[in-house]
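Hello,

Here is the structure you are taking over. Please open it alongside this note; what was found follows below.

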Amino acid sequence: MRKPLISGNWKMHHNHFEAIQTIQRLAYALSSSDYENVDVSVHAPFTDLRSLQTVIEADDIPISLGAQHSHWENKGAFTGEVSPEMLAKLNVSLVLVGHSERRHIFGETNADINKKVHAIIAKEMTPILCVGEMSEEREEGRTLEVVEKQLEEGLSQVKPSEVASIVVAYEPVWAIGTGKNATPEDAQEVCKAIREKIVSIWKGAGEDLRIQYGGSVKGVNAPDLMKQNDVDGLLVGGASLDPDEFSRIIKYRLLD
Ligand code: PEP
């Protein structure tokens, strides 16, 4: 059984005061039965991480601390960057890699993403590798081709035992922040293909691998997405900024 993972990507929102309030309100809204059913992570801006670490540890909140981005080197002349070693020191446990905004706004390539995946694993954190097609690629019928290439190149030279414990997030680019989410059937079709591709290359890794869907997830659509066999969690952007809405998503079982 794969335990679902529901992750909030705060993007460039919430300063460290707002971050503290948000995590406290989220923790207040969740109960031990929620954490028994679902793993939860929040991926905050770098400037929030130290404050969030302090609150999570002081109040014993069972939410994993996540980052949105990392460089692949641990030290050096890389102005503006933050390293895997620095994130690990703050007890960050999950790091988004290859989010579509990093790929399309900041020009990250599959080769860059692959170096980051290796560097994050080397610091004993879990990469959440984001993959997904753009709307023209979907219209041209190239969704699986694009996603499979992102997987093959992003996970190149990663050992099967390591692939089993990472997370893949399928996020169709046309669904991110647009209010247009993929149907549960579309999400299932691609998440299933991702698992099959992983099994075909990294034998034995696919059954344990957790695959999230992301793209305009809200409380109203979370239950149907989570019913799909190969959807093991959700990566939530805009709706994760509001602790009431994010907690509704985490409690998807009760909304059905
Ligand atoms: C995201 O940022 O990964 C995301 C899926 O955003 P949204 O939920 O706002 O579409």
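Start at the ligand: one of its oxygen atoms is 2.9 Å from a polar backbone atom of G238. That is a polar contact, meaning a pair of N or O atoms within 3.5 Å; within protein, one must be able to donate a hydrogen and the other to accept it, and residues adjacent in sequence count only if both atoms are side-chain atoms. Taken alone, the ligand exposes 290 Å², and the protein buries 95% of that. Areas come from the Shrake-Rupley method with a 1.4 Å probe; for residues, only the protein chains shown count as cover.

A note on the model. It is predicted, so local features need pLDDT of at least 70 and side-chain atom pairs count only at pLDDT 80 or more, while totals for chains, interfaces and linings use all residues. Residues are numbered from 1 along each chain as its sequence is written, and side-chain values use heavy atoms, with hydrogens and water left out.

Back to the ligand. A backbone N or O atom of G237 lies 2.8 Å from a ligand oxygen. For S216, too, a backbone N or O atom lies 2.8 Å from an oxygen atom of the ligand. Of the 14 residues around the ligand, K11, E171, G177, S216 and G237 come nearest (around means a heavy atom within 4 Å). The shell divides into four nonpolar, eight polar and two charged residues; Gly counts as polar.

S216 sits in the loop between β7 (210-214) and α11 (222-226). Its phi is positive, about 55°, although S216 is not a glycine. H14 also has a positive phi, about 75°, and is not a glycine. H14 is in the loop between β1 (5-9) and α1 (16-29). Most residues other than glycine have a negative phi.

Now the fold. Eight strands form a closed barrel, β1-β2-β3-β4-β5-β6-β7-β8, with parallel pairing. Strands are DSSP E runs of at least two residues, helices H or I runs of at least four, numbered from the N terminus. Pairing takes at least two DSSP bridges. Three bridges join β2 (39-43) to β3 (64-67), and H43 stands opposite G66 in β3.

Regards
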